[in-house]
Amino acid sequence: RGPILFWLDAHFSGGKTAKSVLGDTPIEKELDIIFGSWTNGNVILIDDARLFTGTDNYPSLDNLFTMTKNIGRNVEIVEGKDIIKIS
């Protein structure tokens, strides 16, 4: 009923975790799902911010900014301590 804290660990851990056999990472799909039912007050924390360079099949931080702008809500991304915060 209240705001939700989402913790997403975007780091590829090997095997069948965090990256498909096609080489993509699930983070953009996960964010699309969360943004589809976004409520003001929600917070998303994404671990391993250092990986968001646009290489190795991870989106760049610029792409994350674009995704948040496209949902038409007041969303901010702050990077620090290897964590991305969307609130």
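Accessible areas here come from the Shrake-Rupley method with a 1.4 Å probe. For the protein chain of this predicted model, the accessible surface comes to about 5600 Å², and carbon and sulfur atoms account for 52% of that area.

**View 1. Two helices and four strands make up the elements of the protein chain.** Read from the N terminus, their order is β-α-β-α-β-β. The chain has 87 residues, of which 32% count as buried. Among contacts between residues at least 6 apart in sequence, 63% join residues at least 24 apart.

View 2. Over the protein chain the mean is 79, with 78% of the residues at 70 or more.

**View 3. The largest nonpolar core holds 17 residues.** Leu31, Phe35, Ile44, Ile46, Leu64, Ile84 and Ile86 have the most contacts inside this core. At least two core residues come from each of helix H1 (27-36), strand S2 (43-47), helix H2 (61-70) and strand S4 (83-86). H1 supplies the largest share, four residues. In soluble globular proteins, nonpolar side chains tend to be buried together.

**View 4. Leu31 is shown with the residues that it touches.** Leaving aside residues up to four places away in sequence, these are Leu8, Ile44, Ile46, Leu64, Met67 and Ile86. Leu31 is also among the residues with the most contacts inside the largest nonpolar core.

**View 5. Asp48, Arg50 and Asp82 are linked in a network of salt bridges.** The structure holds two salt bridges. In the one between Arg50 and Asp48, the closest N and O atoms are 3.0 Å apart. In the one between the side chains of Arg50 and Asp82, the N to O distance is 2.3 Å. This second pair links distant parts of the chain, 32 residues apart: Arg50 lies in the loop between S2 and H2, and Asp82 in the loop between S3 and S4. Asp48 has a relative accessible area of 5%, so it counts as buried. Arg50, at 48%, is partly exposed, and Asp82, at 25%, is also partly exposed.

**View 6. Ser60 lies in the loop between S2 and H2.** Is Ser60 buried or exposed? With a relative accessible area of 16%, Ser60 is buried, because the cut-off for buried is under 20%. Not counting residues up to four places away in sequence, Ser60 touches Phe52, Thr53 and Gly54.

Methods: Residues numbered from 1 in each chain as written. Predicted model: local features only at pLDDT ≥ 70, side-chain atom pairs only at ≥ 80, totals over all residues. Heavy atoms only, no water. Core = buried A, V, L, I, M, F, W, Y, C linked by side-chain atoms within 4.5 Å. Buried < 20%, exposed > 50% of the residue type's maximum accessible area, 1.4 Å probe, protein only. Contact = heavy atoms within 4.5 Å. pLDDT = per-residue confidence, 0-100. Salt bridge = Lys/Arg side-chain N within 4 Å of Asp/Glu carboxyl O.
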